[in-house]
Amino acid sequence: MAHADPTPESPAPAPTPVALRPLPTLIFASRWLQLPLYLGLIAAQAVYVWHFLIELWHLIEAAFGSQTALQALITNIGYKPDAPITGLNETIIMLVVLALIDVVMISNLLIMVIVGGYETFVSRLGLDSHPDQPEWLDHVNASVLKVKLALSIIGISSIHLLKSFINAGNYEVQVLMWQSIIHALFLLSALAIAYTDKLTHSHH
């Protein structure tokens with residue numbers, strides 16, 4: 001005798017959201033006060049994009065022999081040559097490229113703060129099915145975001161330190177020394193943050 005197939009179980013109903021009291025509702029809604037801060041960071045991102053394009057355009061113009069663009073690059077990177085420069089040289093190109101990389105890394109830091117901070121502290125972005133969802137956003141939380149920010153700051157500090165070493169003739173020894181010490185402190189701080197995060201997760 002054939003047995004009837006068992007009736008499939010119906011999915012469990014979604015839990016009904018609990019209504020908060022007025023004071024908890026106000027406190028929880030206060031997270032939206034951060035929205036103007038993230039919008040301000042987006043405006044700062046636009047300024048960085050404009051600055052990047054201007055520097056890139058000056059570099060292209062200087063490559064084609066524009067003395068005005070060349071002098072603008074020399075002024076912006078703080079390069080003080082011993083003799084007048086009439087064309088691009090390897091040092092100027094390297095300093096300008098490092099400055100462009102610096103802008104890109106700061107821009108990456110801004111995106112990480114804007115997207116990760118909004119997702120963590122304000123509201124969900126709903127990017128689960130979006131093809132361009134950042135890989136790191138799947139497991140982002142306040143602790144992971146803190147470690148990523150520390151690593152980004154180390155990268156930015158490394159670029160600044162490399163620019164100073166390339167242009168070391170225009171800096172005093174004490175300036176280079178303090179930049180190296182500050183960079184080392186950034187490294188130690190990042191290691192301490194990562195170690196603290198590891199201890200926290202191991203206890204959980």
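The model is predicted, so local features need pLDDT of at least 70 and side-chain atom pairs count only at pLDDT 80 or more, while totals for chains, interfaces and linings use all residues. Side-chain values use heavy atoms, without hydrogens and water, and residues are numbered from 1 along each chain as its sequence is written.

A pair of aromatic rings is described by the distance of the centres and the angle of the planes. Rings of Phe, Tyr and Trp (its six-membered ring) pair if their centres lie within 6.5 Å; planes under 30 degrees apart count as stacked, over 60 as edge-to-face and the rest as tilted. The structure holds two such aromatic pairs. In one, the ring centres of W32 and Y118 are 6.3 Å apart and the planes meet at 70°, so this pair is edge-to-face. W32 lies in the loop between α1 (22–29) and α2 (35–63), and Y118 in helix α4 (residues 90–121), so the pair ties together parts 86 residues apart in sequence. Helices here are DSSP runs (H or I, at least four residues), numbered from the N terminus.

W32, at 36%, counts as partly exposed. Y118, at 17%, counts as buried.

The rings of Y38 and Y118 also have centres 6.3 Å apart; their planes are at 80°, so the pair is edge-to-face. This pair links distant parts of the chain, with Y38 in helix α2 and Y118 in helix α4, 80 residues apart. Both Y38 and Y118 are buried.

Note on methods. Helices (H or I, at least four residues) and strands (E, at least two) are DSSP runs, numbered from the N terminus. Buried means under 20% relative accessible area, exposed over 50%, partly exposed in between (1.4 Å probe, protein chains only).
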